[in-house]
Amino acid sequence: MSVAEEFAGLYGAAPDGVWAAPGRVNLIGEYTDFNDGFVLPLALPHTAVAAVSRRDDGVLRLHSADVPGGIVSLDVAALAPGVAPAAHGADWAAYPAGVAWALREAGHPVGGADVHVASTVPTGAGLSSSAALEVVTAVALDELYGLGLSRPELARLAQHAENAFVGVPCGVMDQMASACAAEGHALFLDTCDLSYRQVPFDLDAVGLRLLVVDTRVKHALGDGAYAERRAGCEAGARALGVRTLRELSYVQLPAALARLTDGTIRRYVRHVVSDNERVRRTIELLDAGEVRAVGPVLTEGHVSLRDDLRVSCAELDLAVSAANAAGALGARMTGGGFGGSAVVLAEASGPRGADEVAAAVEKAFARAGAAAPRIFEAVPSAGARRL
Ligand code: ADP
Ligand code: MG
């Protein structure tokens, strides 16, 4: 049954429209977004699809095909952040309800709606199923209420919903990728001002494939780590007299490191400044059509995340080392780390092809006694759209 048919079964009429918004994977530029830095995500073929109708009585009804429980019914005017998730009827409902709240809080005349979502984005794998859910809600409400907001404006509001309403301190990359990505491209995003450029990333045309290895693990260690890394970077910026680490160029890095006395902060600064530089180098290579040369830059990025920022884990390190040993061009963990996914750039076919690399990774996990990873291809896909 299609999402529109499921909607009709639930709410008794066909939806006004159906929208889709993708999950994303970040090619390079990790832990840079809260430092006003650069990121280079691409949208996945996996999407959250929402069938939505406008309601003029101020009632917001939410339903997901992917979580148990029935329809959650909320009064739009009464939405408020900082209340227990249960007050929204279900934990997951805070994401779409938060988007309606954020739009209204920004002064946009959003009323009620009937919403039914179904998503193919794996949840909790670092592929941003949450941003897909937020962005698909945002583009649907924007259109149904004739708001005419730009994609970056919708992304900002979706991020605000996740930060202030759901209570997750995420950066803006995920929502921007889901809202603004283009098929066959990676999205070069400057998180300082949300300016962006579509960078050609047509892997098929050059005989390459990008794999995502979802380790299926999530270590509890990661819970406080994001805030700790963030605070460390802010302390580094203060010590160096800059507003954010983004203001430090790669050529200034050795002198900056020499001025830092705290070894931990020095490592964090080295990661952020060098990863911004790796984004710049990756874009240069992609613009020049030298896609294979991106591989070693990815692996270098992984080493930096593992050794300097220290946000990797045994499973992610194993995915990267096994992929590279099997002839991948390069690989790195992606997302927040401590589990989640890695990306692997490999030849499309041949003895070092993506299938062989994937098989080698699976074998390495089995040999290590780790749970089998889920491996799939990341085809650079379109951002949010009406279907
Ligand atoms: P990630 O964004 O990396 O997948 P998060 O923890 O940020 O992981 O977001 C996952 C949460 O988003 C889920 O626990 C759920 O609350 C919500 N979510 C994502 N997709 C759906 C869906 N299809 N239906 C209902 N809730 C969803
Ligand atoms: Mg998320």
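Predicted model: local features only at pLDDT ≥ 70, side-chain atom pairs only at ≥ 80, totals over all residues.
Author: Residues are numbered from 1 along each chain as its sequence is written, and side-chain values use heavy atoms, with hydrogens and water left out.

Reader: Why is Cys-170 called buried?

Author: Buried means under 20% relative accessible area, exposed over 50%, partly exposed in between (1.4 Å probe, protein chains only). Cys-170 has 12% relative accessibility, so Cys-170 counts as buried.

Reader: What makes Cys-192 partly exposed?

Author: Its relative accessible area is 35%. That value lies between the cut-offs of 20% and 50%, so Cys-192 is partly exposed.

Reader: How do you know that Cys-170 is in no disulfide?

Author: A disulfide is a pair of cysteine sulfur atoms within 2.5 Å. The nearest cysteine sulfur to Cys-170 is that of Cys-180, 15 Å away. Cys-192 is in no disulfide either; its nearest cysteine sulfur, in Cys-233, is 15 Å away. The search of the whole structure finds 0 disulfides.

Reader: What makes β1 and β13 a pair?

Author: Two strands pair if DSSP finds at least two bridges between them. Strands (E, at least two residues) are DSSP runs, numbered from the N terminus. Here 2 bridges join β1 (residues 17-26) to β13, so the two strands pair, running antiparallel. Trp-19 stands opposite Arg-386 in β13.

Reader: Why is one side of β13 left without a neighbour in the sheet?

Author: β13 (385-386) stands at an edge with a single partner strand, so one side has no neighbour in the sheet. The sheet's order is β5-β4-β6-β3-β1-β13.

Key
Chains lettered and ligands numbered in written order. Helix = DSSP H or I, 4+ residues; strand = E, 2+ residues; numbered from the N terminus.
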